[in-house]
Amino acid sequence: MATAPYIVVGGGQAGLQVCDSLRKFGYEGELLLIGEEPVLPYQRPPLSKHYLGGDLDAARLSFRPASHYEKLGIALRLGVRVTAIDRERREVVCSDGSRLAYARLALTTGTRVRPLSCPGAEHPAVRYVRTLADSDGLRAALGDARRLVVVGGGFIGLEVAAVARKQGKDVVVIEALDRLMARAVSPQISNYYATLHRGHGVDLRLATGVTAIEPAVSGVRVLTDRDEACEADVVVVGIGVVANDELAAAAGLACRNGIVVDECARTSDPLLVAAGDCTMHMNGFLGRELRLESVQNAVDQARVAAGTMCDQPEPYVQVPWFWSDQYDVKLQMAGIGMPCEESVLRGDPAAGSFSYFYFRDGRLCGADSVNRPADHMACRRLLAQGTMITPAQVGDEGVDLMQIARG
Amino acid sequence: MPKVTYRQPDGAENVVDVPAGWSLMEAAIQNDVDGIVAECGGGCACATCHVYVDDAFVERLPPISDMEGDMLECTAAERRAGSRLSCQIKMSDELEGLVVTIPDRQT
């Protein structure tokens, strides 16, 4: 009897990485990648950056050309959704009615946008940025628009705001919390970005909630809990994402704000692994469970998952890192800096190139770097190695951090 | 369209036509050249698209920005005289025949 294939459910960055890594780990059997979107796996980060700005065409977003999948023997079923996992029969059920047997299964189902829930939120002027289709739609809508309201001052919303300001649109950003990117960066970085956006002409409204969206003569009116009304031709909502864990939950796998996996990316079923944005995972570096939405997590955890599928389990211990491009300013984050007990500045915010290094329990736990990639890379290396470094050292620009990291 | 040769550490070569305006990284990815990881997709944020540019072309390339220079200090394989991040080199007709060697590792 022929062995059933390994199946990867979810055609994003983690899904492709599981496939590539399976081949690197020496898996030679049949391999199938099932993706809901009708296109080859592509990069999402540019969707709110260069792609939205029109600097890239869709062909350049793909991770790999079609020949890559042929070369590695990765069969593709695109535009197909897996609707159920029958763990007893070891089959997945697809939206086209087919049932496919698996020997092992990887779930890389990613996330979907958290919808705005206020009255009027379903108005067609209200848009999100998650998929290529979303970004294409927004790009077209922005073409004719004069006024943009962004709901949510996180990475996506601020990146879209920066693109729209470059195009000369009037931009209002409404954020419920009292600072930008509050979930990811320190107050110092939030404040720097508030000044940056205001300096580029963004009308930034912090600590403000959206209460309703009403049709206007032209476009919509966004109403806030401060009794303000902002007229807009387009509204972009970026208020976070929700893990796509329903498929796993319905199959009886443990889920808790994501598919629960151990440090080797194993779900509660030994034949099933999961990786990427959709997982609530144990990170050996941090020593705790968390869910991460990032390229780094998709790639590194997918490699771990592939190793586990090939009976070569290695724990996931990589240092988290993230980045965001807004205007010509690059923000890079290493580790998990918040919450921290001490933050130390390196460089000069007035010169537009600086980092904040964060310390928790007397140890370096992360850094946010603005136009300062060397600090970012040094911090990643210091964290990965667990090198002891003091606040005084990182605060002294005369100290070469990379040299210390190299040992 | 200008041609670029990507040489693997073992000497194997891919010769690729690169549309003007594309980066060397993108052309490698879209032609499935091995060894260019480009985790960040061209943001000069990860240093995993490192290449060694052949001596004859080093002077003809656009200069290394401060950002790229800093990232080149952090590559997995050693930095050499011809080290560049392929995401930061945009292809043009003047670079016809460019030859780059891919290092043995990117992470």
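## Where chain A meets chain B

Let's start with one pair: Arg64(A) and Asp32(B) form a salt bridge, with their closest N and O atoms 3.7 Å apart (a salt bridge being a side-chain nitrogen of Lys or Arg within 4 Å of a carboxyl oxygen of Asp or Glu). Between chain A and chain B the count is five salt bridges. This is a predicted model, in which local features need pLDDT of at least 70 and side-chain atom pairs count only at pLDDT 80 or more, while totals for chains, interfaces and linings use all residues. Residues are numbered from 1 along each chain as its sequence is written, chains are lettered from A in the order in which they are written, and side-chain values use heavy atoms, leaving out hydrogens and water.

Now for the wider interface. Contact, meaning heavy atoms within 4.5 Å, involves 28 residues of chain A and 25 residues of chain B. Together the chains bury about 2,100 Å², 48% of it on carbon and sulfur atoms; this is the accessible area (1.4 Å probe) that two parts lose on being put together, summed over both.

Two spots in the backbone of chain A also deserve a look. Most residues other than glycine have a negative phi, and most peptide bonds are trans. Ala265(A), however, has a positive phi near 70 degrees, and at 1% relative accessibility it counts as buried (under 20% relative accessible area; exposed is over 50% and partly exposed in between, with a 1.4 Å probe and protein chains only). Met338(A) and Pro339(A), in turn, are joined by a cis peptide bond with omega about -10 degrees.
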